[in-house]
Amino acid sequence: MKIKSDDFRVREGKDVNLKKWPTRVKPYYKSEKQLKKILRDRVEEMSDLQSLLYASNQYAVLLIFQALDAAGKDGAIKHVMSGVNPQGCQVFSFKHPSAEELDHDFLWRTTRSLPERGRIGIFNRSYYEEVLIVRVHPELLRAEGVSNGAVGDKIWQERYRSIRDLEAHLHRNGIRIVKFFLHLSKEEQRKRFLARIDEPDKNWKFSRADIEERKLWKDYMKAYEACLGDTSTGHSPWYVVPADDKKNTRMIISQIILDTMRGLKLEYPKLSAEHLKELRTIRKLLAK
């Protein structure tokens with residue numbers, strides 16, 4: 001069954017109700033053997049496209065991953081990007097901001113890590129935390145110098161606008177942005193949390209704070225719905241990826257990335273007649 005990227009794309013200007021978006025879809029693979037071959041072929045093509053991206057030096061690609069705990073962001077990044085040249089791919093994980101970062105505007109710390117032309121940048125969490133976790137925990141705004149009186153719907157609308165403006169600016173300057181929300185069900189999260197407790201090699205991934213955040217599930221869903229609806233645009237779209245089946249999740253993500261990179265119509269630089277003549281002269285010297 002062919003994966004259609006548009007099936008998972010959030011349309012610009014459309015309200016989002018995550019209850020209507022599936023957390024699990026029919027598998028796009030018939031067997032483990034087929035799954036491994038498809039992913040291997042896609043990783044190989046992605047590696048070739050990354051080489052073209054670097055050689056053409058016209059564009060950069062920024063992949064943003066957001067999700068609730070245990071949705072599988074780390075695993076998806078690891079498996080989907082496993083064959084891409086590390087020199088052409090950079091991964092940044094953004095956790096709690098430092099004191100220095102809190103003294104700047106909310107976009108500052110991530111902007112410093114944007115990919116250069118020719119590279120793929122991956123944000124494991126991103127500036128979107130500032131309209132997600134901070135919206136669920138508005139008390140965090142005090143550390144950013146925002147007064148209690150400024151906390152209300154207006155500040156989130158202003159931040160959405162800042163994000164849209166930033167992404168439009170980046171698009172005009174050659175950075176193509178693809179944003180993934182890994183959509184996990186509450187029941188599947190429960191199962192994965194239990195696995196983190198029961199399996200010793202996963203214990204380190206779990207803490208009581210994860211359970212406290214789980215209690216705020218409805219608040220997070222509302223924050224994500226507002227964010228996805230307000231910041232998915234034609235040039236920087238959000239994709240809601242079903243995350244209950246990790247293998248299917250990786251299939252869908254890899255297809256979306258490939259479709260994005262293919263759409264750039266990348267080519268190796270065309271050499272001038274003078275340069276080609278110089279190469280022929282050098283070849284004759286080396287052939288002696």
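Glu100 has its place in helix α3, which covers residues 99-102, in what is a predicted model. With a relative accessible area of 48%, Glu100 is partly exposed, because that label covers values between 20% and 50%. Although Glu100 and Val240 are both part of the one chain, they are 140 residues apart along it, and their C-alpha atoms are separated by 33 Å.

Another helix residue to look at is Ala55, which lies in helix α1, residues 32-56. Ala55 is partly exposed as well, its relative accessible area being 26%. If residues up to four places away in sequence are left aside, Ala55 touches Tyr268 and Pro269. Computed along the sequence, Arg117 is 62 residues from Ala55, while from C-alpha to C-alpha the two are 9.7 Å apart in space.

Which strands pair with β1 in the parallel sense? One is strand β4, residues 175-183, which is joined to β1 in the parallel sense over eight bridges, and within this pairing Ala60 stands opposite Ile175 of β4. Another is strand β3, residues 120-124, which runs parallel to β1 and is joined to it by five bridges. Leu62 has Gly121 as its bridge partner in β3, and Leu63 stands opposite Ile122 in that strand.

Strand β3 is itself mostly covered, since five of its five residues are buried. Both of its faces are covered, with Ile120, Ile122 and Asn124 buried on one side and Gly121 and Phe123 buried on the other.

Cys89 leads on to the cysteines. Is Cys89 buried or exposed? Its relative accessible area is 15%, and Cys89 is therefore buried, as the limit for that label is under 20%. Cys227 is also buried, with a relative accessible area of 1%. A disulfide is a covalent bond between the sulfur atoms of two cysteines. In this model, where a pair of cysteine sulfur atoms would have to lie within 2.5 Å to be counted, the count comes to zero disulfides.

Of the 288 residues in the chain, 47% are buried. Among the contacts with a separation of 6 or more, 82% are made by residues 24 or more positions apart. The chain exposes about 16100 Å², of which carbon and sulfur atoms supply 51%. It carries 55 positive and 41 negative side chains, and the centres of these two sets lie 6 Å apart.

Technical notes
Residues numbered from 1 in each chain as written. Predicted model: local features only at pLDDT ≥ 70, side-chain atom pairs only at ≥ 80, totals over all residues. Heavy atoms only, no water. Buried < 20%, exposed > 50% of the residue type's maximum accessible area, 1.4 Å probe, protein only. Contact = heavy atoms within 4.5 Å. Areas by Shrake-Rupley, 256 points an atom, 1.4 Å probe, with all protein chains shown as cover. Lys, Arg positive; Asp, Glu negative; His and termini not counted. Charge placed at Lys NZ, Arg CZ, Asp CG, Glu CD. Helix = DSSP H or I, 4+ residues; strand = E, 2+ residues; numbered from the N terminus. Pairing = 2+ DSSP bridges.
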